[in-house]
Amino acid sequence: MHLPIDIDTVKGFLAPEEGEALYQLARDTAALGPALEIGSYCGKSTLYLAAGAAEQGGLVYAVDHHQGSEEHQPGEEYHDQALYRDEDGVMDSFTEFRRTLRRAGLEQHVVPIVAPSARAARHWQTPLGLVFIDGGHSEAAAQTDYRAWAPQVAPGGVLAIHDIFPDPADGGQAPYNIYQRALASGLFEASAMVGTLGCLRRLDL
Ligand code: SAH
Ligand code: MG
């Protein structure tokens, strides 16, 4: 895997082996359709996805309202003052996200969609080779992301969900709950678990 910039210079929440898995998935599913992620933040996962997609001339749709999840808000555990606009009273990761893609020279492989996940999905019709869910981690947000995007995965394509913690002592259960929901649907089979990245392949029924 080749990344055009030092990944440690990009803020974010993704382990290197998880990023490498995203890179490979984006590359290997590109022929089935574009990739789409929910939750880009400063572009760390986007960088891996775009680098993989680029190898096949593919494209990544990067959905994020860029206002941060619950844990990014002022006073919360993952708040970053550098991403906060005091004058507007909002979190804004979009400027940093664009900077990451520009530095990496990968802008032509990414279509940013600055909107809440459900709104971005409303008129979506294009089958996707890869859907990567890493947005809000409340139960409601995760279930919405699943309902909106899981049906868009093309047969043979992959649904990848971040922050899977089978043991509640290790972390929140919402991503794990939608992972289980995908398995129970009969539409997906487990294909790999890399760190906390759960990968499911859409069956060709
Ligand atoms: N994938 C990133 C981390 C994502 S953090 C990385 O590799 O570092 C989660 C992101 O989800 C935040 O940027 C937040 O703004 C976004 N988010 C949370 N809820 C969302 C929603 N309903 N719609 C769109 N984006 C959302
Ligand atoms: Mg995550």
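Which backbone atom of Gly136 lies 3.3 Å from a nitrogen atom of ligand 1? In this predicted model, a backbone N or O atom of Gly136 lies at that distance. This is a polar contact (a pair of N or O atoms within 3.5 Å). Taken alone, ligand 1 exposes 580 Å², and the protein buries 92% of that (Shrake-Rupley method, 1.4 Å probe). A polar side-chain atom of Ser45 lies 2.8 Å from a nitrogen atom of ligand 1. For a backbone N or O atom of His65, the distance to a ligand nitrogen atom is 3.5 Å.

Around ligand 1 stand 21 residues (a heavy atom within 4 Å). Phe13, Gly39, Ser45, Asp64 and Asp134 come nearest. The shell holds five nonpolar, 13 polar and three charged residues, with Gly counted as polar.

Asp134 lies in the loop between β6 (128–133) and α5 (139–149).

Residues are numbered from 1 along each chain, and chains are lettered from A and ligands numbered from 1 as written. Local features need pLDDT of at least 70, side-chain atom pairs 80 or more, totals use all residues, and side-chain values use heavy atoms without hydrogens or water.

Conventions:
A polar contact is a pair of N or O atoms within 3.5 Å; within protein, one must be able to donate a hydrogen and the other to accept it, and residues adjacent in sequence count only if both atoms are side-chain atoms. Helices (H or I, at least four residues) and strands (E, at least two) are DSSP runs, numbered from the N terminus.
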